[in-house]
Amino acid sequence: MASYANQECFQSNDDLPIVLLHRLPSFNSPLKDILQPHFHLLDPADSPEPASSFLSCHAKSVRALICVYNTPLSAATLNLLPSLELIVAASAGVDHIDLEECRCRGIIMTNASTAFAEDAADHAVALLIDVCRRISTADRFVRAGLWPVKRDCSLGFKMGRKRVGIVGLGRIGFEVGKRLEAFGCSIAYNSRKKKPSVPFSYHANVLDLAEDSDALILCCSLTEQTRHIINKDVLEALGKEGVIINVGRGALIDEKVLVQFLLRGVIGGAGLDVFENEPDVPRELFELDNVVLSPHRAIFTSESLEALHELVFTNLKAFFSNKPLQSVFQIE
Amino acid sequence: MESIGVLMTCPLHDPYLVEQLEKRFTLFKFHSIPDKAHFLNSNKASIRAVVGSASAGADAKLIHQLPNLEIVSSFSVGLDKIDLAKCRERGIRVTNTPDVLTDDVADLAIGLMLAVLRRLCQSDRYVRSGQWKRGEYKLTTKFTGKSVGIIGLGRIGLAIAKRAEAFSCPISYHTRAEKSDVKYKYYPSVVELAANCQILVVACALTEETRHIINREVINALGPKGVLINIGRGPHVDEPELVSALVEGRLGGAGLDVFQDEPNVPEELFGLENVVLLPHVGSGTMETRKEMADLVVGNLEAHFLNKPLLTPVL
């Protein structure tokens with residue numbers, strides 16, 4: 001049992017604060033075991049009753065809900081929870097939650113940024129180095145037994161000292177910038193608002209950022225405003241030696257255009273952890289050596305999941321003790 | 001200078017370097033000459049320079065066969081393929097390519113650490129082979145915060161440390177003698193360093209003392225959760241020991257850019273998911289290879305024009 005949840009709990013289930021576990025039936029999270037001794041967990045996915053009737057009967061007084069990974073949380077579901085004050089999103093992205101409804105109702109939301117930011121940033125940097133230095137391509141080359149035959153693998157490109165443009169300077173974006181500075185990269189960014197306390201240069205829009213960057217790294221959330229924020233114009237501005245790294249959401253990029261531009265050499269390369277229609281990945285990308293593909297794993301390390309569980313536990317405890325919450329997501 | 005014979009002993013296919021050398025000198029590509037003994041006999045008088053690399057340089061035997069050899073210019077920073085004692089004895093100048101490749105090698109070392117821990121190559125294969133449609137890839141392990149131990153704290157070692165620090169990795173090191181101007185934790189032996197770090201990087205020069213510096217004892221100390229990164233030279237590592245440790249799970253993983261007998265890589269490694277195997281590409285970027293070639297050519301030109309060498313070792 002994780003050390004933070006070790007405190008003995010002598011209260012009966014009736015006295016424990018009620019928390020709703022909102023999950024798809026296929027999402028079996030260890031959270032249930034960790035939280036059960038400390039909270040009265042309601043788990044509609046585990047009940048034979050249909051979810052809407054379960055919630056109508058049992059969840060009227062529920063004040064706090066955990067949304068497990070990207071289980072969709074719609075206005076319709078929220079309407080069945082009149083007492084809801086807090087959503088603990090056990091994920092980094094929150095685009096699967098009806099944010100407008102939450103804003104109208106004044107529901108507080110926390111996400112897992114603080115638990116995941118370092119791993120997501122590590123993954124973004126890993127993808128950038130791999131694309132530039134052709135690490136996965138070269139590893140394939142060696143394993144196919146080609147080194148003794150062909151002698152030389154094609155050269156990569158210098159990754160350090162590149163001009164890096166970060167799209168979205170939240171926690172993850174900031175951690176990416178901090179890491180890449182140590183490689184001699186110059187860091188610029190675009191974000192909804194300029195961040196005066198940050199040592200990176202601000203660009204008012206993504207097009208300008210792309211013009212001035214050798215590599216674009218997408219770290220922003222997916223909203224109506226950011227859907228296809230990386231479009232034909234931005235990719236053309238990035239240019240034939242430019243590299244794009246996406247650890248945000250697939251729909252941030254116009255994927256059809258991206259694939260065409262990679263095939264035609266309009267841009268130099270891509271490192272993609274996310275796609276518009278996962279787990280479907282455009283097959284044309286499989287033949288390319290200047291592309292690195294990963295199966296939506298940017299945050300999936302055992303350490304980050306541990307940190308997530310601890311964060312969820314700590315935030316729930318804090319909520320029910322009227323103490324400050326961590327990793328609050330500002331719904332705008 | 002066209003009549004000056006330059007013998008390229010390494011099987012280099014760098015077109016830019018070859019082109020620059022052929023413009024200025026009479027270039028002989030040793031690797032593609034079938035009867036090397038005959039060739040040397042006929043041409044030894046005209047050969048006044050050797051261009052070597054990490055794969056081949058100038059050993060005592062070759063130096064002995066070239067009575068008019070004046071300079072060895074290496075397309076590498078490592079000097080392990082050059083008999084320096086013999087060169088010193090004969091008054092032969094030696095140059096290499098320091099500094100220009102430091103960043104690329106350090107970038108690659110970090111790239112290897114990330115690729116091994118986060119299973120980047122493996123998961124790329126997972127996507128390309130269609131397996132993602134059948135299920136999620138498993139959890140990997142975090143890189144940020146892992147302790148990094150560096151053997152050799154020269155230019156490359158320090159550059160690796162600087163980058164790893166940005167990932168909040170505690171840094172420790174081993175060198176022949178402790179460095180007073182460095183803030184990292186020193187261990188007087190490689191075994192102690194290995195026992196006290198999670199990722200061990202070989203970043204020192206290859207000499208008689210450092211041959212097989214990574215042996216069974218060190219590998220066991222690094223352990224089943226430890227990762228070895230080698231961006232030095234293949235002979236730094238007792239390769240059969242490394243292979244059996246990886247296959248048996250006594251070592252957690254490895255990122256290898258260099259091997260005992262390049263371009264041959266032990267095939268037992270091909271099936272392992274906890275290794276990343278690269279074909280000696282530490283300095284393998286367009287930009288750096290051009291800078292290295294310019295240094296090789298620049299050093300030769302300086303020598304034959306009686307000017308100071310750009311990056312002399314001897």
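Let's begin with a pair of helices in one chain: helix 5 of chain A and helix 8 of chain A make a right-handed crossing. Keep in mind that this is a predicted model.

**Helix 5 and helix 8 within chain A**

- The axes of helix 5 of chain A and helix 8 (residues 171-181) of chain A come within 8 Å, crossing at roughly 45 degrees.
- Angles under 35 degrees would count as roughly parallel and 65 to 115 as roughly perpendicular, so helix 5 of chain A and helix 8 of chain A are oblique to each other.
- On the helix 5 side of chain A, the contact is made by A:S113, A:T114, A:A117, A:E118, A:A120, A:A121, A:D122, A:A124, A:V125 and A:L128.
- Helix 8 of chain A answers with A:R171, A:I172, A:E175, A:V176, A:R179 and A:L180.
- Sort the residues of this contact between helix 5 and helix 8 of chain A by type and you get nine nonpolar, two polar and five charged.

- By type, the residues in the contact of helix 5 of chain A with helix 5 of chain B are six nonpolar, one polar and four charged.

**The whole interface**

- How many residues does the contact take from each chain? Chain A gives 58 residues and chain B gives 63 residues.
- About 5300 Å² is buried between chain A and chain B, and carbon and sulfur atoms give 59% of that area.
- Three residues, A:R133, A:R143 and A:W147, supply 16% of the area that chain A buries against chain B, more than any other three residues.

**What UniProt lists**

- An unreviewed UniProt entry has "domain: D-isomer specific 2-hydroxyacid dehydrogenase catalytic" covering residues 58-328 of chain A. In the model, the end C-alpha atoms of that span lie 27 Å apart, and the span is 37% helix and 15% strand.
- For "domain: D-isomer specific 2-hydroxyacid dehydrogenase NAD-binding", the unreviewed entry gives residues 125-298 of chain A. The end C-alpha atoms of residues 125-298 lie 10 Å apart, with 32% helix and 16% strand in the span.
- In chain B, UniProt (unreviewed entry) places the NAD-binding domain at residues 110-282. That span of chain B is 29% helix and 14% strand, and its end C-alpha atoms lie 11 Å apart.

- Most residues other than glycine have a negative phi, and most peptide bonds are trans.
- A cis peptide bond joins A:E278 and A:P279, with omega about 0 degrees. Look for A:P279 in the loop between strand 11 (269-272) and strand 12 (291-293) of chain A.
- Chain B has a cis bond from B:E262 to B:P263, where omega is near 5 degrees. B:P263 is in the loop between strand 11 (253-256) and strand 12 (275-277) of chain B.
- A:N322, a residue other than glycine, has a positive phi, near 55 degrees. You'll find A:N322 in the segment after helix 12 (302-320) of chain A.

Notes. Residues numbered from 1 in each chain as written. Chains lettered and ligands numbered in written order. Predicted model: local features only at pLDDT ≥ 70, side-chain atom pairs only at ≥ 80, totals over all residues. Heavy atoms only, no water. Nonpolar A, V, L, I, M, F, W, Y, C, P; charged D, E, K, R; others polar. UniProt positions renumbered as here; feature names shortened; annotations may be inferred. Helix = DSSP H or I, 4+ residues; strand = E, 2+ residues; numbered from the N terminus. Contact = heavy atoms within 4.5 Å. Buried area = accessible area lost by both parts, 1.4 Å probe. Axes fitted to C-alpha atoms, helices over the stretch in contact; angles between N-to-C directions. Parallel < 35°, antiparallel > 145°, perpendicular 65-115°, else oblique. Left-handed = near helix turned anticlockwise from the far one by under 90°.
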